[in-house]
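These are my notebook entries on a structure I looked up residue by residue. Each entry records what I asked of the model and what I found.

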Amino acid sequence: MKRVFAAIPLFFLLASCCGGKEAAEAVRNLIPAPRSVKITGSELVSPSVFSLEVEAPESWDDEQYSIEITPKHICIRARTEQGAVWARRTLEQLRTPQGLYPQVRIEDRPEFPLRGFLWDDGRNFAGKELIFHYLDMMSACKLNLFQWHLTDHPAWRIECRCHPELNDPKYQRAGRDEGRFYTYDDIREVIEYAREAGITVMPEIDMPGHSAYFRNAFGFSMDSPEGRAVLEDCIAEFCEEIPAELCPLVHIGSDEVHIADPQGFMEWSQALLRRYGRTTAVWDPGLPADGMSVRQVWRDGSPDDSQIETDTPFLDSSMGYLNYYDPLLFPAKIFFHTPCYTGARSENALGGILCMWNDVRAADKSRVEHHNGMAAGMLTFAERFWNGGRTAEGYAGTLLPGAESRAMKAFEEFQRKIGRRKRTLWQRELRYWNPIHASEWDVELACGDDTVRCRAFGDILDLDALCRLHGIDSRSEVACRIWREEVSPCDTVRYFLAGFDSPARSNRISGGIPAAGEWPNGGYAEVNGVRIAAPEWREPESYAFRFNTWARPEEELPYTDEQLYWMNEPSEVPLHEGVNRIELGVCRRFAGQRFHIAFVECEK
């Protein structure tokens, strides 16, 4: 039987029937939701005895665990330390600020064995302390695989004694943390920190592409005979310093590159890593890998089955990248995604990896997680890949279903859990986040002499997707107008984030910050015929790029909070008692512009 996401999780029904309100609330908010929960008492308790039993049936997964909490005793049962770590993470969520716990019996295990997160250190060097922070976030979500992208065009971030040119700042991209790298001691420390948090580290040494620093340093490419000789030295040194028992998986990249002999290079590179006892992973699409390499599928969307080699091990990254989408809308896209296209583990469907690429130079690395919505994305990804199942009613993508649909009700319930996490454990991590709802809008899309009228749902509308749905060419200039009614019980002021641009934090194509007194991309928002004033821009008429900025000087201009509407202060919106008419508009002025509109209610 296939597990299907329902509007109300089973564990909540059990909690409501079997226990008190406080206990039910504590259990209801667990992320990811456990598979089986029974509340055994109505009072919150403060047990004085804690025990860990490592004797469990051989049939249990390495990550499987159980928890029983009684007035006197907390007992964890697991077959391995991995399961015990996840049990402790569940206890951290169950514990109230007063140190109390609900009386419960929990049985839990994940659907997919690998649930990962990727950080790109090649383009923006984070440093150990931030990496530890990301690992803490992963562990709190029960993610168990850290894909550490350690090399990319700007730099090689691994200590290299055999070829110190790779660490020489003069061969690296200016302004991209030149000369910064992780020593082997650093890498071993990160691996040990991750192990204690229940996480395996999978370094990614991207080859033969994404390697401008390599050609700068040596004057030849990785796939040349001279390049292979250098890589043999580097891989030998790395594998001696970081043995297979610490690092069994190594990702070799292999995507977005054209070389003379792709088959030969891949056979050589895979054999090289396997010589040192490593399992190799590769990107798909990418250069041709053999059946022993794990493929990481990165096509965005729900690819046709004919494009997926399901007869080889694969990881699903096709829900999209954190740096590409609106961070308030992207959790819905992840939530409505069916993991590994079936929702169930198999011999080859191993799980997935949520990716955070940061192509644009980041001046303040600590802002990257907020600019890209790491926390809510990670929580949602963890929920889907821990529990699996097909998306209810088949929804996918960035167009929200209606408010009364089972799918949207399930997402609203999940957002409520994120909101609690924001108020308690992750106040800093989620400070950028606000929930979105399936507000119903009348929509008018005017393109030349043609006008399309339709209805759409959501506090955020992906107008590019809406245009595709109605056959409007992505290169066309389009004017969009949306409107709805809002009923208020009294005269009041509410607060909304209005957004008319959602630039990808990768290619940087954007209408930029507009002139003083204007909203981005010719946008406007009005209530009862009165325009809402635009923010007072600190950098008006800046950051407008109608082209892809990869490897261009404009890519070195960091994103500031002002360029991203979800990082700005909300606008005051006065409503009178009764029915109010809300209208917003925006224009798509050039090909590649993110055609997007947002009106998200939030607290001041």
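**Entry 1: an aromatic pair**

I looked up Tyr213 and found it buried, at a relative accessible area of 1%. Buried here stands for under 20% relative accessible area, exposed for over 50%, and partly exposed for what lies in between (1.4 Å probe, protein chains only). Phe214 is also buried, with a relative accessibility of 0%.

I then recorded the basis of these values. The model is predicted, so local features need pLDDT of at least 70 and side-chain atom pairs count only at pLDDT 80 or more, while totals for chains, interfaces and linings use all residues. Residues are numbered from 1 along each chain as its sequence is written, and side-chain values use heavy atoms, with hydrogens and water left out.

For ring pairs I used this rule: rings of Phe, Tyr and Trp (its six-membered ring) pair if their centres lie within 6.5 Å, and planes under 30 degrees apart count as stacked, over 60 as edge-to-face and the rest as tilted. The rule gives 28 aromatic pairs. Tyr213 and Phe214 make one of them, edge-to-face, with 6.5 Å centre to centre and 80° between the planes.

**Entry 2: charges over rings**

I searched for a charge over a ring, meaning NZ of Lys or CZ of Arg within 6 Å of the ring centre and within 35 degrees of the ring normal. The charged end of Arg77 is placed over the ring of Trp60, 5.5 Å from the centre. Arg484 lies over the face of Trp441, and here the distance to the ring centre is 4.5 Å.

**Entry 3: confidence**

I checked pLDDT, the predictor's confidence in each residue, from 0 to 100. The protein has an average of 93, and 95% of the residues score at least 70. Over residues 1-19 the value stays under 50, and the model has 37 contacts beyond four places in sequence for this stretch. A contact means heavy atoms within 4.5 Å.

**Entry 4: nonpolar cores**

I defined a nonpolar core as a set of buried Ala, Val, Leu, Ile, Met, Phe, Trp, Tyr and Cys residues joined through side-chain atoms within 4.5 Å. Which members of the largest core touch the most other members? They are Phe117, Ile131 and Phe146, in a core of 110 residues. Leaving aside residues up to four places away in sequence, Phe117 touches residues including Tyr134, Met138, Phe146, Leu322, Ile353 and Met378. Another core, of 34 residues, lies apart from it, and its members include Val443, Leu463, Leu466 and Val573.

**Entry 5: helix α4**

Helices (H or I, at least four residues) and strands (E, at least two) are DSSP runs, numbered from the N terminus. Is helix α4 enclosed by the rest of the structure or exposed? It is largely enclosed, because 10 of its 13 residues are buried. Among the buried ones are Leu130, Ile131, Phe132, His133 and Tyr134. These buried residues of α4 pack against α3, β6, β7, α5, α10 and α11.

I also checked the length of α4, residues 128-140. The expected span of a helix is 1.5 Å times one less than its number of residues. For α4 this comes to 18 Å, and its end C-alpha atoms are 18 Å apart, which agrees.

**Entry 6: backbone exceptions**

Most residues other than glycine have a negative phi, and most peptide bonds are trans. Lys142 sits in the loop between α4 and β7 and is buried, at 1% relative accessibility. Asn528 is not a glycine either, yet has a positive phi of about 55°. Asn528 is in the loop between β21 and β22 and is partly exposed, at 32%.I found a cis peptide bond joining Ile31 and Pro32, with omega about -5°; Pro32 is in the loop between α2 and β1. A cis bond also joins Asp284 and Pro285, with omega about 10°, and Pro285 is in the loop between β12 and β13.

**Entry 7: two single residues**

Where is Ile472 placed? Ile472 is in the loop between α13 and β19, and is buried, at 11% relative accessible area. Beyond four places in sequence, Ile472 touches Leu445, Cys447, Val452, Cys467, Val478 and Arg588.

Leu44 is in strand β1. Its contacts, again without residues up to four places away in sequence, are Glu22, Ala23, Thr96, Leu100, Tyr101 and Pro102.
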